[in-house]
Amino acid sequence: MIGPDVAGIAEKLGAAADTATAVPQLAAETGLDVDAAYAVQTALIQRRVDRGERVVGLKMGLTSRAKMAQVGVDEVIWGRLTDVMRVPDGGTVDVGDFIHPRVEPEVAFLLDRLPDPGEPVGAFTDAVRAVAPAIELIDSRFADFTFSLPDVIADNTSAAAFVVGPWSPVPDGLDNLGVLLEIDGRVAQTGSTAAILGDPRRALDEGIRLAGRHGVRLRQGWVFLAGAATAAVPLRPGAHVRAVVEKLGTASLRASS
């Protein structure tokens, strides 16, 4: 039996992102399952690397019940971040570069060292150098922001851009810090870091475990986005977005008008 056309699907999704043009869901038509979807994601990222981008971290997706309910899937997933996706704190993004962008508040980790081969997964959290408030801009390449689990995995978990605020030492009580998402100075979403698998550090454990299944090991100096603490909010032209995480501070971005 011939499997899905991994290279062809990656090219279609890459072109959709490059041209900000939505495509129909692909998994049902192509027979894409979760393992094949991660193979597509790898090919999609290699396409970026081949044109000069660098992988600078990993991100988790669907780590909160709110996000699972919002997009209609029910399994934690992971994707890659590249240097081109990073926006300076307070920087501006052009909404015209995206199809239907949404923003969500997150917690970011900065990795201090490589996990040792065979090191227990639970011990990896001491590899974290610092933590920061963050914003992820997600932008599914699928029409109507609707997809199956293999679709969203293949699409690099809707990764599009991210902002990281100031780094600080990991505080006590990281498992239950208040989180706000503000749009133009008004609170759009409220939540807690407890929404991220009960503790953002669990997301790191999950990311290491799940990525390791596909031969991907986290690296020193990488950024790790633990997942959203609230549902995502559409990003409108001209909007000013600010994520506030208790004890960690803020991260912000502006959308061009």
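Let's begin with Trp78: does it count as buried or exposed, and at what relative accessibility?

Author: Trp78 counts as buried, because its relative accessibility is 1%; buried means under 20% relative accessible area, exposed means over 50%, and partly exposed is in between, using a 1.4 Å probe and protein chains only. Before we go on, please keep in mind that this is a predicted model, in which local features need pLDDT of at least 70 and side-chain atom pairs count only at pLDDT 80 or more, while totals for chains, interfaces and linings use all residues. Residues are numbered from 1 along each chain as its sequence is written, and side-chain values use heavy atoms, with hydrogens and water left out.

Now to the surroundings of this tryptophan. Trp78 sits in strand E2, which covers residues 77-82; strands (E, at least two residues) and helices (H or I, at least four) are DSSP runs, numbered from the N terminus. If we set aside neighbours within four places in sequence, Trp78 is in contact (heavy atoms within 4.5 Å) with Tyr38, Gln41, Leu58, Lys59, Met60, Thr157, Leu210, Ala211, His214 and Val216. Take Lys59 from that list: Trp78 and Lys59 are 19 residues apart in sequence, yet their C-alpha atoms are 5.6 Å apart in space.

The neighbouring strand is worth a look too. Gly57 is part of strand E1, residues 55-61, and it counts as buried because its relative accessibility is 0%. Not counting residues up to four places away in sequence, Gly57 touches Gly79, Arg80 and Leu81, as well as Trp222 and Val223. Its C-alpha atom is 9.7 Å from that of Phe109, a residue 52 places away along the chain.

On either side of E1 there are loops to visit. Arg54 lies in the loop between helix H3 (34-50) and E1, and it is exposed, with a relative accessible area of 51%. Leaving out residues up to four places away in sequence, Arg54 touches Leu81, Thr82 and Asp83. Arg54 and Val84 are 30 residues apart in sequence, and their C-alpha atoms are 7.8 Å apart. Leu62 belongs to the loop between E1 and helix H4 (65-71). This leucine is buried, with a relative accessible area of 7%, and its phi is near 60°, a positive value in a residue other than glycine.

Lys247 also has a positive phi without being a glycine, this time near 75°. You'll find Lys247 in the loop between strand E11 (240-245) and strand E12 (249-255), where it is exposed, with a relative accessible area of 56%. Another exposed residue is Arg213, at 60% relative accessible area, in helix H6 (residues 200-213). The C-alpha atoms of Arg213 and Asp35 are separated by 9.7 Å, although the two residues are 178 apart along the chain.

Let's step back to the interior. In soluble globular proteins, nonpolar side chains tend to be buried together.

Finally, the whole chain. The protein chain has 6 helices and 12 strands, and buried residues make up 53% of its 257 residues. Among contacts between residues at least 6 apart in sequence, 75% join residues at least 24 apart. A compact globule with 257 residues would have a radius of gyration near 18 Å, and the 17 Å of the protein chain agrees with that; the radius is taken over C-alpha atoms, and the globule rule is 2.2 Å times the number of residues to the power 0.38. Along the principal axes, the C-alpha atoms fill a box of roughly 55 × 50 × 35 Å.
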